[in-house]
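Hi,

Here is the structure I said I would pass on.

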Amino acid sequence: MSLPKAWTSDGMPTDGLGYERYTSGAMMSDFTDTARPRDAVVELRGIVKRYSRTDHMAVDHLDLDVGPGEIVCLLGPSGCGKTTLLRLIAGFETPDAGRVRVAGATVADSDTWVEPEKRRIGFVFQDYALFPHLTVRQNVAFGLRRLPKARRLERADAVLDLVGLTVFAGRYPYQLSGGQQQRVALARALAPAPAVILLDEPFSNLDAALRGSTRAEVQRILKRTGTTAILVTHDQEEAMTFADRLAVMRSGRLEQVGTPERVYARPETAFVAGFLGRTNLMRGEGRGDVAHTALGDLAVTRPAHGQVLLSLRPEALRFGQNGQGVRARVLQREFKGHDLTYTCVLADGERQRLLVQTGPGCRVQVGDLVSVTARGPAVPLDPSLPSTPLR
């Protein structure tokens, strides 16, 4: 693979731009074959993992592809198998069945096992796992021991320039903030130019004010370098703002895979609809392009027939004007600064509860009798859909 003009044959910058021109393949020749896979960087087929002390599978016949330069988030509740899956990719766990391929090479199946350090994978741990007795520069250079010392330090400096930490190169981890330690961990993972970086709940130890800015900075660095990455989190907002695609997991299986916009707006199951944000679940009778519900006849996102379960996000409902819509009583009012969320109950005796999201200036109060109408289509949820959709 040819290198950009700004790089020498050994992968170092020559035009004064530092690591700004870094790509995930630009410095690979010192470590392994530089050829990129034609399609997926990470391929998982039929992955099974069962722990002997439990009755259920941690990972249950799971298939997933991750493309070059893509950021995929494994999202799900605690115990759903997402961290186990990350460890299976990294080689920290052995699959009971299935095949793991990284950068076109099989690293685990019934006949093959490649050690973690030979898989071309970078790993950013939840606690960063920095060496307290080493400086920032030494931490970043640690994974480059196959190179001569001068080139190790030169490359470490280039990566530190990329993540904006050159001025802290001589400091120790305890002298850095949480966000700075996070970027050091990322720099150490990037230094050997891995095929993929795995991030296990990397922002969970940061306070709320720092989490958003650090997340945005890490995303910018990954995109700037064209790095393929897989993130594990249970934070829905983090997943939707960080990832190109979401892989929503439940009980070791994939419930749905797609872009954040697609998965949020078109959930395929009740679990996905409820896990990826607040929603209204209501039963109805499908009549083709509409469904008859307690809110009246609603447009649906796809044809539906017979009894169906529907999802309507709170922002898809509104308080009707001039009595339009069905009558409801307001039970709760939640002010969140940028919006208001109301919990209402229909006044027709069905006791159907509804969440309605409005702007922060809405004057409806608890106890008010209001009318509610839909301003967006309902999403039919189909429990018969496959639980492991492919790319």
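This is a predicted model: local features need pLDDT of at least 70, side-chain atom pairs count only at pLDDT 80 or more; totals for chains, interfaces and linings use all residues.

**Rings and their neighbours**

Phe123 is buried, with a relative accessible area of 14% (buried means under 20% relative accessible area, exposed over 50%, partly exposed in between, with a 1.4 Å probe and protein chains only). Residues are numbered from 1 along each chain as its sequence is written, and side-chain values use heavy atoms, with hydrogens and water left out.

Back to the rings. The whole structure has 8 aromatic pairs (rings of Phe, Tyr and Trp, the last by its six-membered ring, pair if their centres lie within 6.5 Å; planes under 30 degrees apart count as stacked, over 60 as edge-to-face and the rest as tilted). One of them joins Phe92 and Phe123, a tilted pair at 5.2 Å centre to centre with 40° between the planes. That pair links distant parts of the chain, 31 residues apart: Phe92 is in the loop between helix 1 (82–90) and strand 4 (97–102), and Phe123 is in strand 6 (residues 121–124). Helices (H or I, at least four residues) and strands (E, at least two) are DSSP runs, numbered from the N terminus. Phe92 is partly exposed, at 33% relative accessible area. Ring pairs also bring in Phe125, giving a cluster of Phe92, Phe123 and Phe125.

A further case is Phe131 with Phe142: the ring centres are 4.6 Å apart and the planes are at 50°, so this pair is tilted. Phe131 sits in the loop between strand 6 and helix 2 (136–141), and Phe142 in the loop between helix 2 and helix 3 (149–162), so the pair ties together parts 11 residues apart in sequence. Phe131 is partly exposed at 25%, and Phe142 is partly exposed at 32%. Phe142 also has Arg145 over its face, 4.4 Å from the ring centre, and Arg119 lies over the face of Trp113 at 4.5 Å from the ring centre. For those, a charge sits over a ring if NZ of Lys or CZ of Arg is within 6 Å of the ring centre and within 35 degrees of the ring normal.

**Three helices**

Helix 1 is largely enclosed by the rest of the structure, because 7 of its 9 residues are buried. These are Lys82, Thr84, Leu85, Leu86, Leu88, Ile89 and Ala90. Just after helix 1, Gly91 has a positive phi of about 95°.

Helix 4 (178–190) has 12 of its 13 residues buried, so it too is largely enclosed by the rest of the structure. Its end C-alpha atoms are 18 Å apart, in agreement with the 18 Å its 13 residues should span at 1.5 Å a residue (the expected span is 1.5 Å times one less than the number of residues). The buried residues of helix 4 pack against strand 6, helix 2, helix 3, strand 7 and helix 5. Contact here means heavy atoms within 4.5 Å.

Helix 5 (residues 208–225) has 18 residues and reaches 26 Å from first C-alpha to last, close to the 26 Å expected. Which of its residues are buried? They are Thr214, Arg215, Val218, Ile221, Leu222 and Thr225. Seen down the axis, these fall within an arc of 130°, so they line one face of helix 5 (the arc is that of the directions from the helix axis to the C-beta atoms). Among the elements they pack against are strand 3 (71–75), strand 8 (229–233) and helix 6 (236–242).

Phe271 is in helix 8 (residues 270–275) and counts as buried at 18% relative accessibility. Leaving aside neighbours within four places in sequence, Phe271 is in contact with Pro77, Val248, Met249, Arg250 and Glu255.

Leu340 lies in strand 15 (residues 340–346) and is buried, with a relative accessible area of 0%. Leu340 and Gln357 are 17 residues apart in sequence and 5.7 Å apart in space, C-alpha to C-alpha. Not counting residues up to four places away in sequence, Leu340 touches several residues, including Phe335, Val356, Gln357 and Cys362.

**The chain as a whole**

The protein chain has 8 helices and 18 strands, and 49% of its 391 residues count as buried.

Cheers
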